[in-house]
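Welcome! Please take a moment with the sequence and the structure shown here, and then read on for a short tour.

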Amino acid sequence: MTGTSTPERPPYLPGDSLPEAETRAMIRVDHAGEYGAVRIYDGQLAVIGRGRARDEIRRMAGQEQRHLAAFDELVRARHVRPTVLQPLWHVAGYALGAATALLGERAAMACTVAVEEVIDEHYRAQAERLGDTDPALSETIEAFRADELQHRQTAIEHGAADAPAYELISAFVKTGSRLAIWLSTRL
Ligand SMILES: [Fe+2]
Ligand SMILES: [Fe+2]
């Protein structure tokens with residue numbers, strides 16, 4: 001077409017809310033992620049013996065349970081279908097937690113650092129995408145992002161970087177986390 005056609009309205013303008021399906025996908029993947037986090041710590045706590053590291057892991061696990069409860073509520077209130085992959089995250093999260101803890105406390109902490117770095121990126125991208133279209137959801141995401149960064153800090157203070165094969169663990173956990181995010185957004 002040439003010349004005088006009226007410009008089409010773009011799919012959405014700043015200030016419009018995002019398409020419902022997109023917000024639902026965000027809640028679905030966040031719910032899956034917090035569920036996975038709870039399972040990772042379950043797996044670590046099954047292996048790690050008493051001590052300071054265990055106390056910290058228990059504390060972080062408690063926060064993940066609160067994050068999960070909040071997304072459970074959002075799933076319910078906004079009629080979001082949870083990911084069909086939840087049974088997989090149930091097993092994979094636990095296995096990852098147990099496996100890293102079997103390598104030692106510092107490897108368990110390295111797992112937390114890697115997961116939280118991916119989640120920080122993920123929550124930040126979501127908050128950016130939401131802008132001011134959904135203040136309640138943005139507030140939740142930003143509050144949890146702050147907690148996750150705190151977990152990362154805690155894990156660093158507990159020697160994550162001194163874990164055996166730190167780079168390998170980190171790369172493995174980050175790749176797995178990104179794959180889980182990709183899958184849980186879509187399925
Ligand atoms: Fe969390
Ligand atoms: Fe966390």
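The iron ion (ligand 1) is held by Glu34 (OE), Glu34 (OE), Glu64 (OE), His67 (ND1) and Glu148 (OE), at 1.9 to 2.8 Å. Donors here are N, O and S atoms within 2.8 Å of the metal (3.2 Å for Na, K and Ca); water is not among the atoms, so sites may look incomplete. Along the chain, the donors of the iron ion (ligand 1) follow the spacing E-x29-E-x2-H-x80-E. Among them, His67 in helix H2 and Glu148 in helix H5 form a pair that links distant parts of the chain, 81 residues apart. Helices (H or I, at least four residues) and strands (E, at least two) are DSSP runs, numbered from the N terminus. His67 and Glu148 are both buried, where buried means under 20% relative accessible area, exposed over 50%, and partly exposed in between (1.4 Å probe, protein chains only).

Before going further, a word on the origin of all this. This is a predicted model, in which local features need pLDDT of at least 70 and side-chain atom pairs count only at pLDDT 80 or more, while totals for chains, interfaces and linings use all residues. Residues are numbered from 1 along each chain as its sequence is written, chains are lettered from A and ligands numbered from 1 in the order in which they are written, and side-chain values use heavy atoms, with hydrogens and water left out.

The protein donors of the iron ion (ligand 2) are Glu64 (OE), Glu116 (OE), Glu148 (OE) and His151 (ND1), which lie 1.8 to 2.4 Å from the ion. Their spacing along the chain reads E-x51-E-x31-E-x2-H.

Why is the arrangement around the iron ion (ligand 2) irregular? The 4 donor atoms subtend angles of 86 to 142°, and this makes the arrangement irregular. By the rule used, four donors count as tetrahedral if all angles lie between 85 and 135 degrees; four count as square planar and six as octahedral if opposite donors are over 155 degrees apart and all others between 65 and 115; anything else is irregular. Because Glu116 lies in helix H4 and His151 in helix H5 (residues 135–157), the pair ties together parts that are 35 residues apart in sequence. Glu116 counts as buried at 2% relative accessibility, and His151 is buried too, with a relative accessible area of 0%.

## The overall fold

The protein has 6 helices and 0 strands. Its C-alpha atoms fill a box of roughly 70 × 35 × 25 Å along the principal axes. Of its 187 residues, 47% count as buried.

## Salt bridges

Side chains of opposite charge can pair when their charged atoms come close. A salt bridge here is a side-chain nitrogen of Lys or Arg within 4 Å of a carboxyl oxygen of Asp or Glu.

Arg24 and Glu20 both lie in helix H1, 4 residues apart, about one turn of the helix. Arg24 is partly exposed, with a relative accessible area of 30%, whereas Glu20 is exposed at 51%.

What does the bridge between Arg78 and Asp134 tie together? Arg78 lies in the loop between helix H2 (52–77) and H3, and Asp134 in the loop between H4 and H5, so the pair ties together parts that are 56 residues apart in sequence. Arg78 is partly exposed, with a relative accessible area of 26%, while Asp134 is buried at 13%.

Elsewhere, Asp120, Arg124, Glu142 and Arg145 are joined into one network by salt bridges that share partners.
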